[in-house]
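Biologist: I would like to learn how to read a model like this one. Please show it first.

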Amino acid sequence: HQHMVTFENEDGSTEEVPVVDEFDLDGQTYVLVMNTDETVTPLRVDGEEGDLVFLTEEEFHKVSEAYAALVEAEDFEEEE
């Protein structure tokens with residue numbers, strides 16, 4: 001069962017996107033959502049409503065690197 005989030009486009013239309021992963025970094029929660037072209041985008045979960053916020057380029061790099069390290073660590077643990 002995949003968790004879905006509703007995503008609001010800049011033109012006000014909404015779409016549902018599947019969440020492929022969720023993780024915490026520096027006290028913030030981030031979700032990875034699957035795009036229609038099979039790529040994933042990290043978004044920050046903001047506020048009590050759980051609004052999804054696009055990351056700045058700087059934050060995007062930080063989150064991408066942290067997530068890659070997280071995935072590597074998980075893979076490493078499974079091999080033992």
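Modeller: Start with exposure: a residue is buried under 20% relative accessible area, exposed over 50%, and partly exposed in between, using a 1.4 Å probe and the protein chains only. This is a predicted model, in which local features need pLDDT of at least 70 and side-chain atom pairs need 80 or more, while totals for chains, interfaces and linings use all residues. Residues are numbered from 1 along each chain as its sequence is written, and side-chain values use heavy atoms, without hydrogens or water.

Biologist: What share of the 80 residues is buried?

Modeller: Buried residues account for 22% of the 80. As for extent, the C-alpha atoms fill a box of roughly 45 × 30 × 25 Å along the principal axes.

Biologist: How many helices and strands are in the protein?

Modeller: Both are DSSP runs numbered from the N terminus: helices are H or I with at least four residues, strands are E with at least two. Here there are five strands and one helix. Along the sequence the pattern reads β-β-β-β-β-α. Strand S1 covers residues 4–8, and Glu 8 belongs to S1. Glu 8 counts as exposed, because its relative accessibility is 58%.

Biologist: Now pairing. Which way do S2 and S3 run, and how many bridges join them?

Modeller: Two strands pair if DSSP finds at least two bridges between them. Strands S2 (residues 14–25) and S3 (residues 28–34) run antiparallel and are joined by six bridges.

Biologist: How many bridges pair S3 with S4?

Modeller: Six bridges, again in the antiparallel sense, with S4 spanning residues 40–46. Met 34 has Val 40 in S4 as its bridge partner.

Biologist: Which strand does S4 join through four bridges?

Modeller: That strand is S5, residues 51–54, and S4 and S5 run antiparallel. Leu 43 stands opposite Phe 54 in S5. Asp 51 is also found in S5. Asp 51 counts as partly exposed, because its relative accessibility is 46%. Compare sequence with space here: Asp 51 and Val 5 are 46 residues apart in sequence, with 9.5 Å from C-alpha to C-alpha.

Biologist: On to the turns. Which residue takes a positive phi in the hairpin of S2 and S3?

Modeller: Most residues other than glycine have a negative phi. In this hairpin, with two residues between the strands, Asp 26 takes a positive phi near 50°. Asp 26 is not a glycine.

Biologist: Which residue in the turn between S3 and S4 has a positive phi?

Modeller: Glu 38, at about 75°, in a hairpin with five residues between the strands. Glu 38 is another residue other than glycine. Glu 38 counts as exposed, because its relative accessibility is 62%. The hairpin of S4 and S5 has four residues between the strands, and there Gly 47 takes a positive phi near 70°.

Biologist: Last, the charges. How many salt bridges does a search of the whole structure find?

Modeller: A salt bridge needs a side-chain nitrogen of Lys or Arg within 4 Å of a carboxyl oxygen of Asp or Glu. The search finds three. One of them joins Asp 26 and Lys 62, with the closest N and O atoms 3.1 Å apart. This pair links distant parts of the chain: Asp 26 sits in the loop between S2 and S3, Lys 62 in helix H1 (residues 57–79), 36 residues apart.

Biologist: Why does Asp 26 count as exposed?

Modeller: Asp 26 counts as exposed because its relative accessibility is 59%. Lys 62, at 40%, counts as partly exposed.

Biologist: Which residues are linked in a network of salt bridges?

Modeller: Arg 44, Asp 46 and Glu 59. The side chains of Asp 46 and Arg 44 meet at 3.7 Å, N to O. Glu 59 and Arg 44 meet at 2.9 Å, N to O. This second pair also links distant parts of the chain: Glu 59 in helix H1 and Arg 44 in strand S4, 15 residues apart.

Biologist: Are Glu 59 and Arg 44 buried or exposed?

Modeller: Both are buried. Arg 44 counts as buried because its relative accessible area is 17%. Asp 46, at 31%, counts as partly exposed.
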